[in-house]
Amino acid sequence: MLLLGCIKEVSDYELVVSLPNGLSGFVPVTQISDAYSKMLSKQVAQGELLEDLNSLSDMYFPGTLIRCIVTSVEKNADGRRSIKLSVDPRKVNKGLNASALASGMLLSGFVSSVEDHGYLIDIGVSGTHAFLPRQKAQNYIKAVKRGPDLKIGQNLNCVIVEVKNEGRVVRLSIDRSEVAASLATERQNWTLSNLLPGLVVKARVQKVAPLGIKVSFLSSFTGVVDFMHMDPEKSMNYSPDQVMKACILSVHPTSKVVRLTLRQSFLHPGGSPNQLSNDRVGAVVEESTVKAFYKQFGAIFELDDSTLAFARLKHLSKTRKSFKPGAFKAGCKHKCRIIDYSLMDEMCIVSLKYQVIEARFLQYQDIHTGDVVQGKVLALKPIGMQVKVTDGIRGLVPSMHLADVILKQPEKKYSIGDEVRCRVLECNPGGKKLILTLKKSLIQSKLPVLSNYEDAKPGLITHGFVVCAKEFGCIVKFYNDVKGLVPKNELSSEPISCPDKVFREGQVVKVMVLKCEPQQERLLLSFRLSSKSAPEDKKECTPQKKQEVKYQIGEMVDVKVLKKKHNGLEVSILEDEGNVIAWIPTVHLSDFVVNCKLLWHCLQEGDVLPRVMCLSDKGEHITLSRKSAVISAVQEEQVVRSFSEIQPGMLLTGYVRNVMPFGVFVEFPFGVTGLAPKVSMSDKFVTDTKDHFVVGQTVIAKVMSIDEEKQRVLLNLKVSECSSGDSAAESFALLNRYFKEMKEIRNLLRRRGEPSVARGLCELVPGKELQLVVQDVKEDGSALFSGSCVTGLTVTATRYHLGDKNIVPGEKTKALVLHVDALTSRVYVSLREELLKQRPKQVCVQVLDLCVS
């Protein structure tokens, strides 16, 4: 279908085109002209910018009328139709051939080459060489003021001045007066197959009807002028046989229906339609008067400034059922909101829907950096999540911003259609670019939004997120792409040797501005939120000071160990200069029960623990946790915040609060608790519950049932019931976390400068092969060993792990390390041949299986 359109917006990659009847279409950058597409391809192939290749914004401007053809109509993810267009003359003028060309014809052409004496113009007619002499272009070039020359790919309205050699050579003019005076006549031999939108014709009225006028033109053609395209000042005065000028708006290829307009702006080719002030879009009009109602289309209103507006049928009421035609008689008044302006109809588009009138955002210009917005998930892509804020506003949540932590499988957390609450990181109305974040720490932040360098005054404290952690420090980004450096000496009050081990990409941090140079866009920051050192007499924090600070469950902090007590660690929170005291129970130092006491033993006063999570904050008593499984569950929103959110079948990560003879009580983050009865504790038969679970143990529980009246939750802790699917992958991930933690413990022991026994323990890892000497064989079949590599350690192997070997004291043998208990200085080994022969990676798997069995 051929249409006359008006450019509404121009971006680097497409033209947004206003079409008749309030529609819009899009012209991709590849659908301009053949010469322009070839230059684009050449630039891509060479990988560098071409001097002669101009951007769309250099050649096209809002308000310019262009001929276009519909190439496809597609449905978007939200069900809305998207009209794809082309202005390529080979498609728009495909109905023309060389023999049909005649003097006086008005065609669309595109500059394909700049020559010494003029320009070669692509008019899309095969076998025709179209030339525009330079003198015929000078007046136009001076008038538009876009440079000394026309540009390759530039769209022009061309009048044929001369036709030679049966149409194989034509000479053109783009003189504005000649173009504006052009009129399509019978002598030009137009046919239905090559009739073009944008042609101005003399039309004769045949019939006047409520919805429009039927006219005839060019002797044998008939067309329709609908109610939106009659001249508003003459709409009631048209009569049969009246002759007037009209402009062709569209030509349908199959039905051959031709639609025209009588509006004055279109009756002189090369002109522009009337435009509306941008600040008018979004305005609410308290009283608009109904001028006419069309039951199949909508209604025309007169606004408070006497301009006309149109509301489509679906925008006259909330639903079709609530629509009352009687409310739209001429003279009735309604409250409405201007939601758009149709350049091609020279009319405002309004809505009477309550939800549209009350909407907070209508266009990108209404959204500001730092705003919190509600949206709906449209699509999940590798680069992030596409979110629909309103019908006309789309935003992108980059992968880094889908949660407080980087999500490896976002599809498990989000589904198409989910409602999400986001915060605006960046909004560029001109480019329709909206970048959002789903990081709760940023959304819930009450600190000032830093969106430009001018506002970065020394002493300002705000939230940002880490984009890079290197040896020299951290790069932190804020809103509107503002970013700054936290040098290594400002990362903490304690020295941090490897920032990349402490800070991760995407981590939300609280920073203070030290220095800013707006002109150079340089910003110096600190994680040390006060430049003043605490007085000596304030080493101990007062209860009044503690009560001033409130931490949210799930908030991540860095802490420093103040005191070791028998059941945990007393720590200070570094974010508040150590003035806030918190508590880490020993059982919350690790997901692994065996590592909790070991970590407590290794840690000393003054040690810094990064990324510890707030588990509860009850006045003066702040409890923290280092359990990585619990932290991940909170950050990935795999938690319930209240009893009302619990549903049967949920898999939740928690920790054992109490072990009773009849079952196990499990507590989850945010304080929800449940009971796993004895029969649901294990896949094995349970005689004594204390043989299976200990207080503080991290567990994954499945919700069996809930009793809303008594606020009780029954749980299942059987491994067979609590796997999310890939149990093998879960087991290896668990094993990987355990080994990483053991490596951390070994590093702690090394740094302590412990005696030789501790250093020896650091070198012994599961899977390592040792040369040992049998020291003793006990009555139960187990054996003790000695050797230079295990001096001061107790090395033992059970009867099973001696295999088929009959060993005697004094015998030398090879053994494989199964487990190292650093607290008791005991090393468990195996002499079994099937383990000794395995490759290192396979050994780890075998060791895990044998340890479990």
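Author: This is a predicted model. In residues 104-175, 10% of the span is helix and 47% is strand, and the end C-alpha atoms lie 13 Å apart. Residues 459-528 are 6% helix and 50% strand, with end C-alpha atoms 11 Å apart.

Reader: What is the UniProt annotation that covers residues 104-175 and 459-528?

Author: The unreviewed UniProt entry annotates them as "domain: S1 motif". According to that entry, the annotation also covers residues 1-88, 198-263, 370-439 and 649-718. Such annotations may be inferred rather than shown by experiment.

Reader: How many aromatic pairs does the structure hold?

Author: The structure holds 10 aromatic pairs.

Reader: Why is the pair of Phe301 and Phe328 called edge-to-face?

Author: Ring centres must lie within 6.5 Å to pair, and planes over 60 degrees apart count as edge-to-face. The centres of Phe301 and Phe328 are 6.5 Å apart and their planes stand at 80°, so the pair is edge-to-face.

Reader: What makes this pair a tie between parts of the chain?

Author: Phe301 belongs to strand β17 (residues 298-302), while Phe328 is in the loop between β18 (308-312) and β19 (333-342), so the pair ties together parts 27 residues apart in sequence. Both Phe301 and Phe328 are buried.

Reader: What kind of aromatic pair do Phe662 and Phe665 form?

Author: Phe662 and Phe665 form an edge-to-face pair, at 6.1 Å centre to centre and with 90° between the planes.

Reader: Why does Phe662 count as partly exposed?

Author: Buried means under 20% relative accessible area and exposed means over 50%, with partly exposed in between. Phe662 has 45% relative accessibility, so it counts as partly exposed. Phe665 has a relative accessible area of 26%, so it is partly exposed.

Reader: How do you know that the charged end of Lys564 sits over the ring of Trp600?

Author: The distance test asks for NZ of Lys or CZ of Arg within 6 Å of the ring centre, and there is an angle test as well. The charged end of Lys564 is 4.4 Å from the centre of the Trp600 ring and sits over it. Arg832 lies over the face of Tyr800, 4.1 Å from the ring centre.

Reader: What makes β17 and β18 a strand pair?

Author: Two strands pair if there are at least two bridges between them. Five bridges join β17 to β18, and these strands run antiparallel. Ala299 stands opposite Ala311 in β18.

Reader: Which closed barrel includes β17 and β18?

Author: The five-strand closed barrel β16-β17-β18-β20-β19 includes them, and its pairing is mixed. From one strand to the next, the twist averages 50°.

Definitions and conventions:
Residues are numbered from 1 along each chain as its sequence is written. This is a predicted model: local features need pLDDT of at least 70, side-chain atom pairs count only at pLDDT 80 or more; totals for chains, interfaces and linings use all residues. Side-chain values use heavy atoms; hydrogens and water are left out. Helices (H or I, at least four residues) and strands (E, at least two) are DSSP runs, numbered from the N terminus. Rings of Phe, Tyr and Trp (its six-membered ring) pair if their centres lie within 6.5 Å; planes under 30 degrees apart count as stacked, over 60 as edge-to-face and the rest as tilted. Buried means under 20% relative accessible area, exposed over 50%, partly exposed in between (1.4 Å probe, protein chains only). A charge sits over a ring if NZ of Lys or CZ of Arg is within 6 Å of the ring centre and within 35 degrees of the ring normal. Axes are lines fitted to C-alpha atoms, for helices over the stretch in contact, and angles run from 0 to 180 degrees between N-to-C directions.
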